[in-house]
Amino acid sequence: MTGDPMIEVRDLRVSFGEVAAVQGVSFRVEAGESFGLVGESGSGKSTVLRALAGLNPDWTGELRVEGRAQGRRRDKGFFKSCQMVFQDPYGSLHPRHTIDRILAEPVAIHRMGDADARIERALAEVGLGSQFRYRYPHQLSGGQRQRVAIARALILEPNILLLDEPTSALDVSVQAEILNLLTRLRAERGLTYVLVSHNLAVVAHMCGRLAVMNRGRLVEELDAEALRRGEAREDYTRQLLRASRGYDRAAAEAFRDFA
Amino acid sequence: MSANPNGGSLAGWLTADTPRSRAQARLGRLYRGWQGFTRNGLAMLGLAIVLGLVLMAALAPWLAPYDPYQQDLGRRLIPPGAAHWLGTDAFGRDILSRILHGSRLTLYIVALVTVTAPIAGLAIGTVSGYFGGWVDAALMRITDIALAFPKLILALAFVSALGPGIESAIIAIAITSWPAYARIARAETLTIRHSDFIQAARLQGASSARIILGHVVPLCSSSLIVRVTLDMAGIILTAAGLGFLGLGAQPPLPEWGAMIAAGRQYVLDQWWVATMPGIAIFIVSLGFNLLGDGLRDVLDPKSR
Amino acid sequence: MTPKSMTPSDQSPLLRVENLRVAFPTPTGPFEAVRGVSFAMGREKLGIVGESGSGKSLTGRSILRLVPSPGTVTADRMEFEGEELTALPETRLRAIRGRRISMVMQDPKFSLNPVMTVGRQIAEAYRVHHRAGSGEARRRALEMLEAVRIRDPERVYGLYPHEVSGGMGQRIMIAMMLIPGPALLIADEPTSALDVTVQMQVLVILDELCGRQGMGLVFISHDLNLVASFCDRVLIMYAGRVVESCRAADLHKATHPYTRGLLDSLPRLEERRAELPVLARDPRWLEDGR
């Protein structure tokens, strides 16, 4: 590694009007690492990811991607190296575009050429045959759509993939397929992942290191091994862990709110 | 799932689960829409009327039994009969021939309004909705101002400024009808502006122009097509109204509204002079309305 | 709180369903979404798990005849507190719906009337089924809000649905469904839209109300771990059939390959696995239901 982290976030703050959604979050992700952001709804985890992706211009702080400081607006080069997969595969594909058109667009925008071969290869890589190429999204299942979304993100050959709850809208058996696909692609291409999820088990499975967020702040950072052993320092993380292990009346009675 | 009845039949090819090319996918989609459309009997009637109008306009010189401009004062105001199916007017011109030729003017008005107002409205509405902020505020205030004028009065003002004539009437209609389309397009754009697929397009580095043209417009256009088709009746009536007031098509052009105006003074004794073009306007307006309703069922994603 | 019902005896089940089928017409002939589901339950927490399209939600809805319109429900038997539901006229069923059997859905936001305060909605729910003055209904509603552990019932009573959080909305929904004192609650993914900790807190309330009121609960969920830890008994559904049923605590010992496959495909907190086993679907699972 070159010493420079792939992603560096320093004192990130995001506000929506009066509401401070993210209040000073800092973390770094090394090249080739898979980093998880865990939290409940309203914790600001998705907001961090969207600010990182350049989808939300109203932030302050410092964002560096591949060593370059990022501003409010991103250039084409940024999008070529940093792509995102959304939570809802039903909403992230244009309903009137064929899979072919969806995959052809990024190739055309970045003038990469050779679109035909690229599309075929991208489909094959995510485990979809070429028979899917000219279908519309509504003719595909949720898992197949999410594969298309992953293919669309990867067709630009990025180094970083931002994953926003990529499997939470899917059935568990389909979730396993998508998680396996993501694991394989990362190994093959040396990708850097930032995975946002409310599901601790998914994050522990996919990531080496993770940060727990609550109410716009980063509660603690720990590695997945420590999480598995239950070695969380903060009470909030321990409560989250407890809740993720299934229903336990006595434990749930003792749950409290963390401000 | 993988059943692929590509075995020669056209319908099979069109409804194939796994199209092999862009064209096949697009045609298959159209075919499915067509199948839905054909199930709606009234919509098919509307389509038949509109197609009838087009055929009438195309074949008017061959269908018309007389020259629409040929005056024969000896044969004026003949009631409908064997020689003149729909009678003759005050100048002895055959009304059927004039209605047939008048369909060309009607179609001309319809076509020109269709390629101007909705496209202007679509452009303004999508830009306004997509960018928001001051762009939206500025464009929408202009739209509000345009909407605040009564349509026919504004058209009258334009026509009197531009001088009477069928082109003036069309321009007047187009200028008064775009704001409604801009509002529809803007409303549609607002609902999809924050959707994930638009965000995804931005994340690929797509320019605003590409997003508006390639992603927003296709989703707005179907509701706009429906609206335009439904408005067509109103447009024809406005054109006829301007013609009736003597501000649209000028004599001796066989414009339907102007024909009614000319028949006005005989309406009690020679009812057919004003009634026959009136019936023509009624049927064509009805046709467009029925077609619009049918298209809405097929095209409007919300009603699915 | 509940007027003791006319249950014949504790041995006879609260609800008995035999050969339940739900079919939808399609251009290529009827499609059976539920294909012969049979089960019986007492005053217990019965979980129904399955993936989307397994027919679990339709099974729950068909008990109250709430299947969306072109769908048709048939059953050899659907007996609730000794009364046959299939032959019941709609008017009689309406009296049972809400009064004796209630239903909680996934998203409270869609089930609450946005222009009425939540307190009034709960009070109305009480008055629909009981002869009571508005003062009495209000008192009952406040009691119920307290029972679902809302800290400041007086204040929450006057709130509108958009002013409450998701977790509180679901508690309010539960309060509204439980205030008539039903004998059976059908909960369709009642906590899936909630954060895990809030989810657990809502489950505590359901758990307590089941125990206190002796209520039966049909808990429909896609979350195997949750059902295993919360329910007494589980039915696993696949493609419109019950492929396996077992004690919830024994779910991890399930034998059917579908259940096993689902359990295996879940990422686990405790153990690191390089790859998750993927469920290989066997066409025979469609046939040999029990």
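**Entry 1: two helices in chain A**

I started with a crossing: helices α5(A) and α6(A) cross in a right-handed way. I kept in mind that this is a predicted model. Next I looked up who makes the contact. From α5(A) come A:Gly142, A:Gly143, A:Gln146, A:Arg147, A:Ile150 and A:Leu154, and from α6(A) come A:Val174, A:Glu177, A:Ile178, A:Leu181 and A:Leu185. Sorted by class, that contact has six nonpolar, three polar and two charged residues.

Then I checked the geometry. The axes of α5 (residues 142–154) and α6 (residues 172–189) of chain A come within 10 Å and cross at roughly 15 degrees. Angles under 35 degrees count as roughly parallel, and α5(A) and α6(A) are therefore roughly parallel to each other.

**Entry 2: a sheet in chain C**

In which order do the six strands of the open sheet in chain C lie? I read off β7-β8-β9-β3-β10-β11, with mixed pairing. The edges are β7 (101–104) and β11 (241–247) of chain C, each pairing on one side only. From one strand to the next, the twist averages 20 degrees.

I zoomed in on one pair: β3 (residues 45–49) and β10 (residues 233–238) of chain C run parallel and are joined by four bridges. There, C:Leu46 has C:Arg233 in β10(C) as its bridge partner.

**Entry 3: confidence in chain B**

Chain B has a mean pLDDT of 86, and 96% of its residues reach 70 or more. Helix α8 (residues 196–203) of chain B has the highest confidence, at 93, while helix α6 (residues 151–162) of chain B has the lowest, at a mean of 80. Over residues 1–7 of chain B, pLDDT stays under 50. My reminder to myself: where pLDDT is low, the predicted coordinates should not be read in detail.

Note on methods:
Residues numbered from 1 in each chain as written. Chains lettered and ligands numbered in written order. Predicted model: local features only at pLDDT ≥ 70, side-chain atom pairs only at ≥ 80, totals over all residues. pLDDT = per-residue confidence, 0-100. Contact = placed C-beta atoms within 7 Å. Pairing = 2+ DSSP bridges. Axes fitted to C-alpha atoms, helices over the stretch in contact; angles between N-to-C directions. Parallel < 35°, antiparallel > 145°, perpendicular 65-115°, else oblique. Left-handed = near helix turned anticlockwise from the far one by under 90°. Nonpolar A, V, L, I, M, F, W, Y, C, P; charged D, E, K, R; others polar.
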